[in-house]
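Reader: Can you walk me through the side-chain contacts in this one? Keep it quick.

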Amino acid sequence: MISIWLTPSEDDRAYLQYIINDLASAHQAPVFSPHMTLFSPTDLSKESLIDLLAPIAENTQSLYVTMQGLAHTTNIWKTVFIELEETPELTQIQRSIVSAIPDPNPYYFEPHISLIYKEMTVEEKEEIIRNLAVRNSYKMDKITAMRTGPNVEEWEKVMEVSLA
């Protein structure tokens with residue numbers, strides 16, 4: 001299964017990775033790369049992904065995403081996360097990817113950056129949020145295709161393209 005992500009610039013990636021690593025260590029949770037999912041899942045080949053994503057990246061400027069707040073859900077993939085503003089630029093990138101995928105599965109786009117994946121109580125999640133201070137915006141400058149699945153430790157990058 002392949003997921004298509006929007007990924008942060010080097011500085012913001014390092015900043016978010018530090019938070020993810022810290023939370024993973026404190027709560028015995030898996031470590032993963034910071035990202036915002038644009039679409040999932042697809043089973044396109046690496047070659048098809050390059051053909052599909054390269055033209056989109058060439059025609060898309062890097063952009064800043066802005067935090068709306070910190071939130072949590074019962075969905076493990078959104079345990080605790082940075083909720084992002086859905087801007088016209090974000091919607092455009094996401095729609096251009098979906099429209100380029102042959103026969104895409106329905107995908108409900110909720111822009112966010114997850115900070116931890118772990119089954120936790122509401123109280124534990126709310127305590128994390130209370131003790132967390134994060135930046136208000138992040139520069140996103142790459143589209144990344146990742147092989148994902150239930151085991152986060154087995155995720156691997158398939159390909160990546162830089163935005164214009």
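**Contacts and a cavity**

Author: Asp141 is buried, with a relative accessible area of 17%. Bear in mind that this is a predicted model.

Reader: Which residue does Asp141 form a salt bridge with?

Author: Lys142. The closest N and O atoms are 2.6 Å apart. Lys142 counts as buried too, at 12% relative accessibility.

Reader: How many salt bridges does a search of the whole structure find?

Author: Six. One of them joins the side chains of Glu110 and Lys78, at 3.0 Å from N to O.

Reader: Where do Glu110 and Lys78 lie?

Author: Both are in loops. Glu110 lies between α3 (88–100) and β5 (112–116), and Lys78 between β3 (63–72) and β4 (80–84). The pair therefore ties together parts that are 32 residues apart in sequence.

Reader: Is Lys78 buried or exposed?

Author: Buried, at 11% relative accessibility. Glu110 is partly exposed, with a relative accessible area of 34%.

Reader: What about Arg147, which residue does it form a salt bridge with?

Author: Glu156. The closest N and O atoms there are 3.6 Å apart. Arg147 is partly exposed, with a relative accessible area of 38%. Glu156 counts as partly exposed as well, at 43%.

Reader: OK, aromatics now. How many aromatic pairs does the structure hold?

Author: Seven. Among them are Trp77 and Tyr117, with ring centres 4.9 Å apart. Their planes are at 80°, so the pair is edge-to-face.

Reader: Why does that pair tie together parts that are apart in sequence?

Author: Because Trp77 lies in the loop between β3 and β4, while Tyr117 lies in the loop between β5 and α4 (122–130). Those parts are 40 residues apart in sequence.

Reader: Tyr117, buried or exposed?

Author: Buried, with a relative accessible area of 5%. Trp77 counts as partly exposed, at 34% relative accessibility.

Reader: What does Tyr117 form with Trp155?

Author: Another edge-to-face aromatic pair. The rings are 5.8 Å apart centre to centre, with 65° between the planes. Trp155 lies in the loop between β6 (137–147) and β7 (156–162), so this pair ties together parts that are 38 residues apart in sequence. Trp155 is buried, with a relative accessible area of 15%.

Reader: Which residues form the aromatic cluster?

Author: Trp5, Phe32, Trp77, Tyr117 and Trp155 form one cluster.

Reader: Different topic. What sits over the ring of Tyr15?

Author: The charged end of Arg135. Its distance from the ring centre is 3.8 Å.

Reader: Last one, cavities. How many of 30 Å³ or more does the structure hold?

Author: One. About 40 Å³ of space lies in the largest cavity.

Reader: Which residues line the largest cavity?

Author: Thr73, Thr74, Asn75, Ile76 and Thr79 are part of the lining. Lys118, Glu119, Met120 and Lys125 complete it.

Reader: And by class, what does the lining have?

Author: Four polar residues, three charged and two nonpolar.

Terms used: Residues numbered from 1 in each chain as written. Predicted model: local features only at pLDDT ≥ 70, side-chain atom pairs only at ≥ 80, totals over all residues. Heavy atoms only, no water. Salt bridge = Lys/Arg side-chain N within 4 Å of Asp/Glu carboxyl O. Helix = DSSP H or I, 4+ residues; strand = E, 2+ residues; numbered from the N terminus. Buried < 20%, exposed > 50% of the residue type's maximum accessible area, 1.4 Å probe, protein only. Phe/Tyr/Trp six-rings, centres within 6.5 Å; stacked < 30°, edge-to-face > 60°. Lys NZ or Arg CZ within 6 Å of the ring centre and 35° of its normal. 1 Å grid on protein atoms, 1.4 Å probe; cavity = no way out; pocket = protein on both sides within 12 Å on 5 of 7 lines; lining within 4 Å. Points joined across faces, edges and corners; volume = space filled by probe spheres on them. Nonpolar A, V, L, I, M, F, W, Y, C, P; charged D, E, K, R; others polar.
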